[in-house]
Every structure is written in structure tokens, then in C-alpha cells.
Amino acid sequence: MSPLLLFPDFAIIALGYLLRRFWMAPAAWVTIEKLVYFVLFPCLLFFSVVSSNFNVNTVGSFALGGPAIVLASFVLGWLGLLVNKMGRVDFASGLQTAYRFNSYIGLALASRLGGQSAVANIAILLALCVPLCNVLAVGTMSKGGRFTAFLEILKNPLIIGTSLGIAAKLLGVQVPEPMMLTLERLAQAAVSLGLLAVGSGLVFSGLKGNWAVSIWWLTVKLVAAPLVAVLYAHFMNLPEEQAVVLLVFSAIPSASSAYILAARMGGNAPLVACLISMSTVGAAFTLPLVFAAVQRFPL
């Protein structure tokens, strides 16, 4: 598995940034983001779970690895208080970037590295960890009773797509071939458009004196979390494919949803936007190093 396999995905992200900066209007990207989030990626998740040989009864310790990484990153991120004192809501806004993850990039990398089976595996991690991340983020940012975002967890399209796929798998539902072919075409469009949308959202301003704690959060996300994944996979003796998927999950950059929540709940949205962008660029360098290290020192 060559780290160069990661190059096309980050090249598409860079293309999205250039298109947004020099050609396509911002309003166009809003539409693309909605299309990817509400239609294409749910189809990708459902198709991958249903069409793979994935067995929902054997996920075991692999599935628990996702929440373990999120919680470990959350705790490590809190140690940023020792680096820089900030207001509670501002700190909680930035803290999200230490433990939240970009599902688009994770699914794209899983598809490239392991095909439909890897996508099905990472879908399980998303189904478990998206609600957990929302609970952590809303809980730490809430100013007393502002928990309406919890309702959105149940309506999350990525969770719905994965849950429907798992249900179909458990019930032995045979999806008609014409429908599967349609879903396959939509799934193919999801990855490229999702990565272009990630690139279009990159912003590189907003730290305003919070460099120390920002570097801490970025280190937790891009270095400490993959280390936790490697240790977890080693001690749990995970199969190679599951270990690789868990490593991908741990090493992907922060999610744009962190910015949305910070803006909605009165947090420091510019700081979050800059941290997401920096983690995305940083991951282009750290992900190949992580996989190169694992190749040299196998799990």
C-alpha cells in the first residue's frame, strides 16, 4: 500500500480550493455541499454496506475503536487549557477540531485503500462516532439548555444511510439490480464532489493570537489520534483491513460541521474554520507519513 495512493484525493481538494478562489461563485458550492451531504454520500454508504461482504455481527472490538479514539482525542484536547487560557465557549469551539473528523475525506480514502469493504467498515465508525462527537460538542458549548442540536443527530443523512444499509443486511433484503446500479453511479459521484467541496471551504485566517493552543489541537488530531489507533489495533489484534480503516479514521482532518456548530451556538467560528483548513493541509503531509511508518513497523 503506497502512500502515493493518497495523492489524488488531496489533489482534488486543492482543485476545489482553486475553483472556489478563481472561478466558481460561493453560492454554487452551497448547492454542491447540500447535494453531497443529503443525497450522494448516504447513497454511497448504503450501497457499500449492502454490496460488500461485510458482516455486521463480527465488528466487535473494531467498532469500539472509533469511540475510543474520539474520547482519547477529546481528553487530550482539553489539556490545551494548560497551553492557553481562553473563554469557555471559544475553547470548546476550537476543541472540536481535536476530535471531530471529515467524513468525506475518510470515505474517499477508505474507498481508495480498501474498496467497498473498507467503506462499509468505516461507515460503522461514522454511525457510532458522529452522534458521540455531536454530544461532546454540544455539551461543551451549550450555555445552559441549548441542546436543540441533539435532534439533528437522528436526522443526520450519513447515519440514516448507514443504518438503512445495516438493516437491509441484517434482514437479508435483496435490493433490485437496477436500483443497485443507480446507487453505484451516485456513489461514484459522491467521492469527487465531496472532496471538491472540502477544498472549497478552506480558509486560512482567524487564529488571532491562539497559535499555541491551535498547534496543540492540530498535534492531537494529526499525530496523537493515529498513535492511539495504532496502539488500539495492536493490543486488540485487529485484522489488517480493519486496522487500516481504523488508522484512516483516526488520521483524517477535522470536519466542516465543527464550523457550522460553532457559528450556530455563538462560538469562535473564524478560529474553527482556520483550524479545519490547517488540519486538512496538514493531513496531506501526516497521512502519508503515518502509512509509511505502519508499513515499516507493521501493526
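Predicted model: local features only at pLDDT ≥ 70, side-chain atom pairs only at ≥ 80, totals over all residues.
## Helices α2 and α8

Helix α2 covers residues 26-51, and helix α8 covers residues 177-200. Their axes come within 7 Å and cross at roughly 135°. That angle makes α2 oblique to α8, because an angle over 145 degrees would be needed to count as roughly antiparallel. The crossing of the two helices is left-handed.

The contact of α2 with α8 includes 21 nonpolar residues. Three polar and two charged residues also take part in this contact.

## Salt bridge between R112 and D9

The structure holds two salt bridges. One of them joins the side chains of R112 and D9, with an N to O distance of 3.1 Å. R112 lies in helix α5 (residues 103-141), while D9 belongs to helix α1 (residues 7-22). The pair is 103 residues apart and thus links distant parts of the chain.

How accessible is each partner? R112 has a relative accessible area of 36% and is partly exposed. For D9 the relative accessible area is 2%, so D9 is buried; the cut-off for buried is under 20%.

## Salt bridge between R185 and E184

The side chains of R185 and E184 also meet in a salt bridge, at 3.9 Å from N to O. This distance counts because the limit for a salt bridge is within 4 Å.

R185 is exposed, with a relative accessible area of 53%. E184 has 26% relative accessibility and therefore counts as partly exposed.

Note on methods: Residues numbered from 1 in each chain as written. Heavy atoms only, no water. Axes fitted to C-alpha atoms, helices over the stretch in contact; angles between N-to-C directions. Helix = DSSP H or I, 4+ residues; strand = E, 2+ residues; numbered from the N terminus. Parallel < 35°, antiparallel > 145°, perpendicular 65-115°, else oblique. Left-handed = near helix turned anticlockwise from the far one by under 90°. Nonpolar A, V, L, I, M, F, W, Y, C, P; charged D, E, K, R; others polar. Buried < 20%, exposed > 50% of the residue type's maximum accessible area, 1.4 Å probe, protein only.
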